[in-house]
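Me: I would like to learn how to read a few computed features of a structure. Please take them one at a time.

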Amino acid sequence: VSPFLVEKFKKERRESITKTGSVRSAASVNRELELLSKIFNLAIDYGVAENNPCRKVRNLRLNNKRIRYLSDEEETRLFAVLTGQRAHLRPMIITAIRTGMRRGDQLSLRWEKVDFQRNVIHVPNSKTGREYTVPMNQDVRGELLTLRMLAAEGDHVFTNASTGKSFTEIKRAFHTACRLAGIDNLRWHDLRHTFGTRLGDAGCAESTIAQLMGHAS
């Protein structure tokens with residue numbers, strides 16, 4: 001089996017029709033190529049093949065760009081349900097919408113990175129490994145100051161009041177809040193999209209938006 005035959009297989013699978021009558025997605029074809037590659041790797045291990053032709057075949061390019069952000073009306077509904085057992089989400093969601101920080105960067109954020117004197121957060125960018133600075137507006141500053149006054153001796157900004165430890169999972173609580181607010185198809189990362197979209201609507205240059213969101217380019 002040559003790389004040419006694998007390319008032919010890839011093309012035929014991409015153009016084939018599924019049982020539901022739709023064209024097979026690029027992601028599905030890529031998964032089939034990955035499985036085929038694993039089969040050849042096993043064949044090499046068992047001594048029945050000398051090479052893996054899939055290594056010279058590129059996966060199909062995926063178009064996973066997602067355009068979803070929180071509207072003003074949805075934001076009002078969302079904050080209306082951030083009470084009681086979901087109150088802990090309020091400062092985190094406000095910070096996400098007003099700073100564009102990634103969820104992982106928020107959950108790992110430490111107080112030493114929050115500069116109340118200069119009203120900025122030094123974000124430990126987990127994606128690029130290069131720290132960047134984002135300003136705090138009045139909403140973010142107010143929420144974080146309240147957390148700071150209530151905080152014990154812990155280093156992390158967003159901590160579970162019951163355990164005193166930083167949150168590791170907020171996906172379930174966020175989905176519940178969205179369901180109660182009647183908001184569909186919204187992920188936590190879309191709050192970051194909301195920040196970037198609002199900067200664009202406010203007339204910020206692309207270079208400024210990239211800098212504030214910690215993009216490498």
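**Reading the features**

Reply: Start with a single residue in this predicted model. Cys54 has a relative accessible area of 9%, and because buried means under 20%, Cys54 is buried.

Me: How is Cys204 classed by its relative accessibility?

Reply: Cys204 is partly exposed, at 28% relative accessibility.

Me: How many disulfides does the count give?

Reply: A disulfide needs a pair of cysteine sulfur atoms within 2.5 Å. By this rule the count is zero.

Me: What share of the residues in the chain is buried?

Reply: Of the 217 residues in the chain, 35% are buried. The chain exposes about 13800 Å², and carbon and sulfur atoms account for 50% of that area.

Me: Which elements make up the chain, and in what order do they run?

Reply: There are nine helices and three strands. Read from the N terminus, the order is α-α-α-α-α-β-β-β-α-α-α-α.

Me: Why is the chain described as more spread out than a compact globule?

Reply: The test compares the radius of gyration with the globule rule. For 217 residues the rule gives 17 Å, whereas the chain has 23 Å, well over that value, so the chain is more spread out than a compact globule. Along its principal axes, the C-alpha trace spans about 65 × 40 × 40 Å.

Me: What do the contacts show about separation in sequence?

Reply: Take the contacts between residues at least 6 apart in sequence: 58% of them join residues at least 24 apart.

Me: How far apart are the mean positions of the positive and negative charges?

Reply: The chain has 36 positive and 24 negative charges, and their mean positions lie 4 Å apart.

Notes. Residues are numbered from 1 along each chain as its sequence is written. This is a predicted model: local features need pLDDT of at least 70, side-chain atom pairs count only at pLDDT 80 or more; totals for chains, interfaces and linings use all residues. Side-chain values use heavy atoms; hydrogens and water are left out. Helices (H or I, at least four residues) and strands (E, at least two) are DSSP runs, numbered from the N terminus. The radius of gyration is taken over C-alpha atoms; the globule rule is 2.2 Å times the number of residues to the power 0.38. Buried means under 20% relative accessible area, exposed over 50%, partly exposed in between (1.4 Å probe, protein chains only). Contact means heavy atoms within 4.5 Å. Accessible areas come from the Shrake-Rupley method with a 1.4 Å probe; for residues, only the protein chains shown count as cover. Lys and Arg count as positive and Asp and Glu as negative; His and the chain ends are not counted. The place of a charge is taken as NZ of Lys, CZ of Arg, CG of Asp or CD of Glu.
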